[in-house]
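Here is my note on the model, as numbered points. Please read it with the structure open.

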Amino acid sequence: MVSAFEFVPAIAVLPLVSFVVALTFGKWMPKKGALAGIFATAGSLLISIWTALTVAGFLGSETAYHEEIWTFATGIGTFDLHLGVFVDPLSSLMLLIVSLISLLVFVFSLGYMNDEDETGLPRYYASLSLFSFSMLAFVFADNILMAFMFFELVGLCSFLLIGFWFREDAPPSAAKKAFLVTRFGDFFFLIGVVGIFATFGTGLFATEAGFPAMAEQAITGEMPGPVSEFLSAVGMGAQQWFTILGLLVLGGVVGKSAQFPLHTWLPDAMEGPTPVSALIHAATMVAAGVYLVARMYGFYLLTPTTMAIIALIGGFTALFAATMGVVKQELKQVLAYSTISQYGYMMLALGSGGYVAAVFHLTTHAVFKALLFLGAGSVIIAMHHNENMWDMGGLKEKMPVTYWTFLSGSLALAGIVPFAGFWSKDEVLYEALIHGLGNPVLLVAWAMGLLAVFLTGFYTFRMVFLTFHGEPRSDTAEDPESVRWNVKLPLGILGVLAATIGFINMVPIKKLTGLKIDFLHKWLVGSETLNAEFLTGLEHYEPILKNVAGIEASYIAGSEITTLLLSAALSLGLALAGVGLAYRLYAVPEPVEHTKKLGGLRTLLMHNYYQDEYQVWLAEGVTLPLARVADTFDQGIIDGVVNGISSVSLFSGDRVRRIQTGVVSNYAALLTIGLALLLIAFGIVGGWF
Amino acid sequence: MVPAEYYLLLSAAMFCIGLFGILTRRNALIFLMSVELMLNAANINLVAFSYQWGNLTGQVFSLFTMALAAAEVAIGIGIILVLYRNFADIDVTKPTTMRW
Amino acid sequence: MLVELLIVFALMAAGLVFLVPDEYAGQFAAVLSLVPVGVSLWMYSIFDGTGNALLEGGQPAFETVANWITLGPYAISWHVGLDGVSMPLVVLTTLLTTLAIVSAWTPIDERESQFYGLVLFMQAALIGVFAALDFLLWFVFWEAVLVPMYFLIGVWGGPRRKYAAIKFFVYTNVASLVMFAGFFTLVFGLGDSISTLGLPAIAQALEAGQLGSVGGFGPGTVKLAAFAALFFGFAVKVPVVPFHTWLPDAHVEAPTPVSVLLAGVLLKMGTYALLRFNFTMLADVARANAALIAIFAVVSVIYGALLALAQQDLKRIVAYSSISSMGYVILGLIAFTPHGVGGATFQMVSHGLISGLMFMAVGVIYNETHTRMIGDMSGMADRMPVTAGVFVAAAFGYMGLPLMSGFAAEVLVFMGAFRSTTIPMAPLFTGIAMFGIVIVAGYLLRAMQKTLFGPFRLETDYEIGRAPLQDVAPLFVLLALVIALGVAPDLFYRMIQDAVFEVTALGLGGGA
């Protein structure tokens, strides 16, 4: 029987084909290329499911797969660069998520773009297909260079799609900003990639020959030859150098996953079409950064400093972004900040050793945030592209499907039991807490994450109440445009998933009852080959977490159950408190802007802590003037010297030519003098005197 | 036999007279004459050495020089005529248009 | 004989095109120039050279040696051949010439036959530069390139064409003079140990440490002086900051097709010669001064990029960014690692294609709008969607987008440079140079946002429409090549690696 693994490359190639088709023939196709994308992503989804089943072990004994499929650049006397496929539980789960959401977004786009008679649709669908291609290839990349390559391509697609409405002023500017800010992160990432190749001679994620395994050996056992050679050339210890490498790669992660301080591009990215926001700027591309950390978790575990920094960045971003989400007036802006905040949770989990929790939250978040964005898209269609929540209100009765699915997503986001977000967020906080009890840095990160739960509950339901409840506050809200099946179907699917996907990993229930229902956990533990041969299973990570990273679990009052219940009660209680506050303030027929009461704080929050301002200042207030100074210097000094030399030649030529007087006698005199001088010179040299 | 030094002295003297004429005089005709003097100074040298070494090459060469001098005078006088036609003078310091 | 065929055919084509009436010259030249393209691609497919042409054990393909003239103790021969470094550059030259000719159809509207004739003449000389393996022969071709270039800029250029052409000619000629003097210092130093001016013979004699003293200076000093003279001579051509100021003027004044050739091929003469002379023949001196050369490289990258950021003229932006990209080549060469030198060589080809693409894209916009100033236009994507699309692709190629050749070249250079044991503090140098990829994104994104996107606005009085097919077609060909090389760098990289591998071992112990 053919193995699914041989078809894994097709998961990415199908959307690539659809990219080419949509770009070249999209203009003449029905639905302008959407169908190509739908078929391609549907194909990808089917193969992804097949792959996932194989990884689960239902279809044979081979449960992980690594194959080099394309030699990129051959080196003689040095390492080769290649592209390859690596499938393990983590990547097959991510393939599933990406292809599912891609498919749903393609379907939704039929309603959002085609039904609205947008122009440039082939370009839209081509970019979207290219995005799916890049993201899927990124997910199954077997080495960090390939990951970087597709990471960048994903950035390109993001640029193209944010700037889709290029005839206006704002979208191209936002697109530029998004690419530039993530490029800044990628600069560090690329140094990291190059450094990893230079240090280990390989960029493989998995197996004994991969760089995490070599790094582990270098720290815990005998140092592999090439590594020690390079370390002595750099003059650093293994631990120190790996920390630097890890932090460099983290630069790319922070940029792409919109973590502090490189988060500023994401809210601006909302200038793109809403389905794009759902797919790229919420569910998948932004996840690339977090996924990358999970992908090379074996490497990060080796350096406790990096782990602590990841956790701190995560916790801080979760809180920081949540505070800004509280005052936003536009629907998509609230969602944008909530996205930043939620990715902060994943980073928090990864940094504090909660690998499963992070992947779990990644999964649930992808589902409920895609849902929320698509729901917002549905609202935006209804509101004729007015996104201001203060012009909405009372949409509940007019668009019930949207309302109920949006509510499901909101409950998940706020973390209300039993919706998906509760289970995953609870696990994140629980992991951070138990590992943080013995580690003050992690505890600080946990505290920030916990505080953000309250704010999340508040801003989420402020958004829900303002949008759907109360009285309509504008004419369009009185009579919203209706949406068709192609909007409702993806919403329905995701709405159900948002309510139920949390059940894949109900750790608290397992701990309380002993039922073995932590499926995701078991999934990531993986098979024996995964842990022994590929070294990317949870069983491989756990000892390193404890022994090398020095992150150990400890419990309040020494009891796991007590800690568990306390943590769950705390996060649920805070979330409910947030929801309750939102209900009190905004679930009234005629809500008012309570944010005014915040005074100066509100100004600060509305300006996003002046993060944009200082980054724009760095670009326009520092770099541009510096460039102008360089230009002046270049034109004045360097070119001045060059032109100066030519002026000196011209000037001296001008003077010297005055010897040519035109008077024959002068020439004769010069000749005579010359002859005399020559004779004297010869005389001296020849020794005549 | 008169030693070669005397001839050389004579030739040097003639050369210097010619040179002096070129450097100090303005009249183009005197210019030509001075040039002629210098050429003949060279001729004396050639003939003198030829006589000293008993080699006829120098004398033959001086014949060539005379022929050349004749040609030169022809052209030189032609130039002087043109000069006179254009500047109504044969002062060589007047025509200074061929400069810079 | 295939190399001769290429050169002679290009010369004959040049002569023929001179005679053809102006109306047909463009088409005729394009058709004629397809022959070298075909021949060079065929040569690529049957390429059987191994190793580096200059070093022992290297066997260039298509090699011919014929005695030409004897100059004192030296036999000057017609010695040509291609190895893994020069083969890709010859292919690049023939391809870019054809594309430049096609892209000249629209903008060049006077003295066409002379224009195309000069372009073809320059092609012959360029192929000669890359193929020659005898110094004097090489030098003849090297200088022969300058003459058509001078006229191409000086006759068909923009308003300040005379200034630019003379600056270009004098600057590069002074550099050639210094370089020539430097090289002959070496030749005199080698004395009796060489009997030809063949580059392989000289390289191997130098490698064997047979350099003697010249004029009372010891071999070490002679080498250093020769290295400095050669480096200056080639650095002007590359150009390396601070010898770069002729480049922006030349590019701005030159008509687009000439810019394409200037950036695409002429600059590579400099880096090619650096690789052949400074980094192969005098590898030990290069290694000893690695820190200084790496500083030149890094300054070129960052400073060139900053200058590009300050420009308002699209062509000036691309011109300055060429300086930046060439800095990577120098960085890769000085690294003396297989990926460093290989990546640098690959970058020569890749940058040739991408900068050609970029200049052509700017040219197509200029043909329609008659302006290149960023402030004079916006929203061009609305009126010229296809051109704008290619422009975006080209710009991202320039920024080093993966799966386009620029990325492969740059990442290989970085990997090579990072590991270098020659450059002190190699990771730091590499890291600083890599910041170039952020600045390049900055200025190209800014240029695109201002010219292509936003509401449509044009300050000139021209009615603009879509660009004609003949303008856009070369862009697509180039784009396809850039992507092909980006997906499969091994098309060229394998032969490059084969040719440069030996170079990386040079200058470690031996030599004088």
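1. Start with the pair that stays apart. Chain B and chain C do not touch. Their nearest C-alpha atoms are 22 Å apart. Contact here means that the C-beta atoms of two residues, placed from the backbone, lie within 7 Å.

2. This is a predicted model: local features need pLDDT of at least 70, side-chain atom pairs count only at pLDDT 80 or more, and totals for chains, interfaces and linings use all residues. Residues are numbered from 1 along each chain as its sequence is written, while chains are lettered from A and ligands numbered from 1 in the order in which they are written.

3. On confidence, the model scores ipTM 0.92 and pTM 0.90. Chain C averages a pLDDT of 90 (the predictor's confidence in each residue, from 0 to 100). In chain C, 99% of the residues score at least 70.

4. Which two chains share the most contacts? Chains A and C do, out of two pairs of chains in contact. The interface pairs 43 residues of chain A with 46 residues of chain C. On the chain A side, two or more residues each come from β1 (65-73), α5 (144-162), α6 (170-200), α8 (225-234) and α29 (611-656). Helices (H or I, at least four residues) and strands (E, at least two) are DSSP runs, numbered from the N terminus. The largest share, 14 residues, belongs to α6(A).

5. In chain A, a UniProt annotation from an unreviewed entry, "domain: NADH:quinone oxidoreductase/Mrp antiporter transmembrane", covers residues 141-442. Such annotations may be inferred rather than shown by experiment. In the model, residues 141-442 of chain A are 75% helix and 0% strand. The end C-alpha atoms of that span lie 31 Å apart.
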